[in-house]
Amino acid sequence: MVARITTFAFDGVEAQPVDVQVQLAGGQVTFQIVGLPDKAVGESRERVRAAFASLGLALPPKRVIVNLAPADLPKEGSHYDLAIALAMLAKLGVLPEDQLSKYAAIGELSLDGRLVETAGVLPAAMAAEAMGLSLICPEACGAEAAWAGGGVLPAQSLIALINHFAGRSVLGPPKKGDLVEAPIGPDLRDVKGQEGAKRVLEIAAAGGHNLLYCGPPGSGKSMLAQRLPGLLPPLSARELLEVSQVQSIAGLLQRGQLSRTRPFRAPHHSASMAALVGGGIKARPGEVSLAHHGILFLDELPEFSSQVLDSLRQPLEAGEAVIARANRHVRYPARFQLVSAMNPCRCGGGPGAAACTRGPRCAQDYQARISGPFLDRIDLFYETPPVTAIDLSLPAPAEGSAEVRERVARAREIQAARFEAGPEGRRQVNADMPPGALDQFALPDGAGAALLADAAVKLALTARGYTRVLKVARTIADLDGSDGVRRVHVAEALSYRHRPAASTASPQGSAYAR
């Protein structure tokens with residue numbers, strides 16, 4: 001006879017059921033784990049053996065075979081310990097085998113039999129609930145698993161589980177973790193001057209558009225980007241669940257605490273491709289997935305490796321990161337808003353003593369590190385002028401993040417209502433507008449169409465650039481409360497389409513802005 005229990009293998013954020021089967025057979029005394037286990041899974045036999053010894057139990061002098069089915073699915077991680085131990089206890093008669101069929105289990109064992117906190121409990125609990133099973137997990141993960149809404153049995157140790165099934169000390173269900181309200185972030189009122197840059201930030205927040213600031217050091221580029229989360233609405237219930245699943249896989253959920261604040265990730269420019277997109281030995285989620293439904297801020301953009309930046313092109317278009325392996329593809333959600341900042345050249349390109357002395361060639365070489373296809377995926381370009389002493393001496397602006405956040409919320413409500421009734425289903429922001437919806441919602445009036453046609457030729461807009469101008473124009477119209485897209489909206493959208501000038505002169509606006 002074979003004792004069995006269900007556990008899970010993780011394929012991205014999806015928890016795939018794994019049938020843990022334990023058999024005791026005659027022959028040479030061994031303890032084998034089969035079914036494509038990695039080294040961490042293979043080491044489970046030593047942790048299980050030590051945990052049993054701490055309980056006063058010994059493995060029988062037989063051939064112990066643990067099969068993790070399906071056998072062709074790679075098994076990675078230490079969270080298989082608990083399921084293997086429970087199936088072994090059932091085979092030894094310590095636990096009733098018929099009871100284990102109602103449960104799935106996930107957790108790592110310490111040598112003294114205690115259960116250690118494990119990553120990925122939330123996706124596992126959701127998968128168990130969908131299968132009609134209760135989940136046995138470490139007590140430290142109980143608050144996280146409770147968010148799935150199914151049955152959860154949290155335990156501190158193996159002995160606590162044995163006593164529970166024996167009826168000596170029944171374990172109770174856990175409470176959900178706290179829904180944490182993030183502290184108020186930096187306010188837009190702190191930024192003096194740069195009214196044009198604030199306007200671009202508001203448009204980006206309202207429509208979910210990708211944004212690039214280019215300007216000399218100290219012009220407020222990073223300050224503006226750091227204030228974008230304070231302009232965005234909180235995560236919806238569905239978005240919160242998706243974000244929390246990624247964070248659970250990455251081991252970032254503390255005591256089951258969830259937050260409706262949108263993620264803001266700002267990796268250093270030395271980040272590798274695996275750190276940014278995802279990968280490594282166990283194909284962990286990268287920064288693009290940790291920024292799902294939030295913001296990925298890349299400061300000093302040209303300092304990132306060109307190969308790393310180009311690896312973002314596919315996630316920016318598809319909304320997911322695909323990590324290729326020899327025998328499978330791992331997918332993580334990655335629908336994020338890209339915000340980036342850069343200096344015009346390596347020297348900085350500031351005024352006066354900070355000005356570049358090597359001419360336009362310095363800026364051309366510096367900006368050439370960023371490929372054209374990557375820049376084509378940016379919706380809004382803005383050249384931030386230097387902040388003068390006069391700007392800094394002025395009193396704080398009257399309008400801060402609260403006022404801008406209200407306008408952004410109204411614009412997003414318009415978009416939500418629009419796309420909920422659209423042919424392509426619900427889309428929350430204009431940046432995600434499918435091609436079929438452009439003709440229905442974003443076509444400009446006659447004057448605007450003529451202006452866009454003329455600009456498409458003069459600016460050599462690609463098809464992607466053309467559609468992104470329309471999406472930005474639709475967002476500007478939403479902020480104005482306009483039902484249609486007019487010429488003035490198209491003109492402003494075009495003014496943000498020109499790329500940073502390869503010179504150190506003061507920034508020049510596009511002719512279409514006038």
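A: In this predicted model, T6 is in contact with P17, V18, Y103, A104, A105, M131 and L133, leaving aside its neighbours within four places in sequence. T6 itself lies in strand 1, which covers residues 3–11. The relative accessibility of T6 is 16%, so T6 counts as buried, the cut-off for that word being under 20%.

The next element to look at is helix 5. After helix 5 comes G132, which has a positive phi, near 75°.

One partner of helix 5 can be described in more detail. Two packed helices are described by the angle between their axes and the distance between the axes. On the helix 5 side, V121, L122, P123 and M126 take part in the meeting, and on the helix 10 side L241, S244, Q245, S248 and I249 do.

The axes of helix 20 (residues 446–458) and helix 22 (residues 487–495) come within 7 Å and cross at roughly 25°. Helix 20 and helix 22 are therefore roughly parallel to each other, since angles under 35 degrees count that way. Their crossing is right-handed. An α-helix has 3.6 residues a turn, so residues three or four places apart point the same way.

An open sheet of five strands has the order 13-16-19-11-20, and its pairing is parallel. At the edges are strand 13 (264–265) and strand 20 (380–383), each of which pairs on one side only. Inside that order, strand 11 (residues 211–214) and strand 19 (residues 337–342) run parallel and are joined by four bridges. One of the partners can be named: L211 is bridged to V339 in strand 19. An antiparallel example is strand 17 (residues 320–324) with strand 18 (residues 329–333), which pair over five bridges. V322 has R331 of strand 18 as its bridge partner, and a hairpin of four residues joins strand 17 to strand 18.

The backbone has some details to note. Most residues other than glycine have a negative phi, and most peptide bonds are trans. E300 is not a glycine, yet its phi is positive, about 55°. E300 is in the loop between strand 16 (295–298) and helix 13 (306–310), and E300 is partly exposed, with a relative accessible area of 28%. A460, also not a glycine, has a positive phi of about 55°. The loop between helix 20 and helix 21 (463–480) contains A460, which is exposed at 58% relative accessible area. A69 and P70 are joined by a cis peptide bond with omega about 5°, and P70 is in the loop between strand 4 (63–69) and helix 3 (81–91).

Last, the chain as a whole. The protein chain has 22 helices and 20 strands. Its C-alpha trace spans about 85 × 50 × 45 Å along the principal axes. Of its 514 residues, 51% are buried, and T6 is among the residues that count as buried. Among contacts between residues at least 6 apart in sequence, 73% join residues at least 24 apart. The structure holds zero disulfides. Two cysteines can still be described: C362 counts as buried at 8% relative accessibility, while C347 is partly exposed, with a relative accessible area of 36%.

Definitions and conventions
Residues numbered from 1 in each chain as written. Predicted model: local features only at pLDDT ≥ 70, side-chain atom pairs only at ≥ 80, totals over all residues. Heavy atoms only, no water. Pairing = 2+ DSSP bridges. Helix = DSSP H or I, 4+ residues; strand = E, 2+ residues; numbered from the N terminus. Disulfide = S-S within 2.5 Å. Buried < 20%, exposed > 50% of the residue type's maximum accessible area, 1.4 Å probe, protein only. Contact = heavy atoms within 4.5 Å. Axes fitted to C-alpha atoms, helices over the stretch in contact; angles between N-to-C directions. Parallel < 35°, antiparallel > 145°, perpendicular 65-115°, else oblique. Left-handed = near helix turned anticlockwise from the far one by under 90°.
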